[in-house]
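Here is my note on the structure, point by point. Please keep the model open while you read.

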Amino acid sequence: MGRNPLHTKLCDMLGIDFPIIAFTHCKDVVASVVNAGGFAVLGEAMHTPDDIAADIKWIRSRVGDKPFGIDLVLPASAPDADTLEQMLAKIPDEHKRYAAYIKEKYNVPDPKGQQALHQWGGLTHEIARKQLDVILDERVPVFVSGLGSPAFMLKAAHERGMKVFGLIGKARQAKREIEAGVDVIIAQGYDAAGHTGPIGTFSIVPEVVAIAGDTPVVAAGGVTTGRHLAASLCLGAAGVWTGTLWLASRESDNDMIIKEKLVAATADDTVYSKSVSGFAMRVLKCPWTEEWAKPEAPRVLNSPYQMLLSSDYIQAANDHRRADLMFEAAGQGVSFIDAMKPAKQIVNDMVEEALSVFEEITGESAA
Ligand SMILES: Cc1cc2nc3c(=O)[nH]c(=O)nc-3n(C[C@H](O)[C@H](O)[C@H](O)COP(=O)(O)O)c2cc1C
């Protein structure tokens, strides 16, 4: 076949062996994936600036000079600097009553501790700005904006030798961010875990590829196998951005209850719901999402108010390890997660499967 089909321009840009990007909230997964020849980005939206600085130091101690990324969310609709009490006061009584009804119906206990405001990154512009300052000061090799355009900080990042990736769900957002000068655009489809748009991965990826010019496009949403990786490259992507894939990995610090749920789940166990954060989000179905989907439920609030409302349920479920209540963001590719493998093995299996798919298609050896 000649050249290795898995060696893309993303590999050249980042100096990585395989065009596989892991998004994770777990530092150990970051270190394992980077050291296995992939690329990894740590989600830090819920961390304080000090914690972010400490995590960056920890990752550097594990991966040396190899590049990695940090992800924040920068939603345009966040209030400027309200206190938690001020924000809670803005939640209508009707919504508080519905949350209380769910709590009573499912016997949801109180959380063990008070949720600190800093844990909800992207909640106010002030918090997001302080988080971003750490990332710029530390000159983290890659910054990813998981929500909201990073255009306003591109100049500062580029001056520091950093690269900036934007994650989008619609072609018009991609166009704006590419024109602003992002280094990589992640085109994410409806299959994805977490916040995502209504367009399928199979449609959004080639649509963005068609307008991206030289900017590498990375495919996201439902990618959990080597066959998905091969298909993404065939759609014109230069790599894949994956989240669900790492949740049940050996290194992941997720609760074992969640890992077991993920291994057992299929795409049908996920739901696209605004009830968790106020933004459309794919998660495992749970009593909270099911109750808010009912016709008698009030209209969900915008972010961050819906997130404040759901946080009591989420924290209680996790604090008390109530398997009947617990849930996690999960994409439709969860159907293919059937074991708790080390992250390095996940990378290797994905590479091997993608190469064998290319061999199947071309009839030639791909490696
Ligand atoms: C548990 C979980 C939490 C997530 N949290 C964030 C986040 O904080 N910021 C972000 O940009 N994306 C977040 N995402 C979305 C991922 O970055 C990624 O876009 C998505 O998982 C890709 O779809 P996939 O899960 O089908 O691979 C999260 C995903 C998961 C599974």
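1. At roughly what angle do the axes of helix α2 and helix α3 cross, and within what distance do they come? Helix α2 covers residues 27-35 and helix α3 covers residues 49-63. Their axes cross at roughly 30 degrees and come within 10 Å. This model is a predicted one. The crossing of α2 past α3 is right-handed.

2. Which residues make this contact? From α2 they are Lys27, Val30, Ala31, Val34 and Asn35. From α3 they are Asp55, Trp58, Ile59, Arg62 and Val63. Sorted by class, the contact of α2 with α3 has six nonpolar, three charged and one polar residue.

3. Turn next to a sheet. Three strands form it, in the order β7-β11-β10. The sheet is open, and its pairing is antiparallel. The edges are β7 (194-195) and β10 (270-273). Each has a single partner strand, so one side of each is left without a neighbour in the sheet.

4. Look at one pair in that sheet. β10 and β11 (residues 281-284) pair over four bridges, in the antiparallel sense. Threonine 270 stands opposite leucine 284 of β11.

5. Now the whole protein. It has 14 helices and 11 strands. The C-alpha trace spans about 65 × 45 × 40 Å along its principal axes.

6. How much of the protein counts as buried? The share is 48% of the 367 residues. Among contacts with a separation of 6 or more, 66% come from residues 24 or more positions apart.

Key. Residues are numbered from 1 along each chain as its sequence is written. This is a predicted model: local features need pLDDT of at least 70, side-chain atom pairs count only at pLDDT 80 or more; totals for chains, interfaces and linings use all residues. Axes are lines fitted to C-alpha atoms, for helices over the stretch in contact, and angles run from 0 to 180 degrees between N-to-C directions. Helices (H or I, at least four residues) and strands (E, at least two) are DSSP runs, numbered from the N terminus. A crossing is left-handed if the near helix is turned anticlockwise from the far one by less than a right angle, and right-handed if clockwise. Two residues are in contact if their C-beta atoms, placed from the backbone, lie within 7 Å. Ala, Val, Leu, Ile, Met, Phe, Trp, Tyr, Cys and Pro count as nonpolar, Asp, Glu, Lys and Arg as charged, and the others, Gly among them, as polar. Two strands pair if DSSP finds at least two bridges between them. A residue is buried if 20 or more other C-beta atoms lie within 10 Å of its own, exposed if 12 or fewer, and partly exposed in between; C-beta atoms are placed from the backbone.
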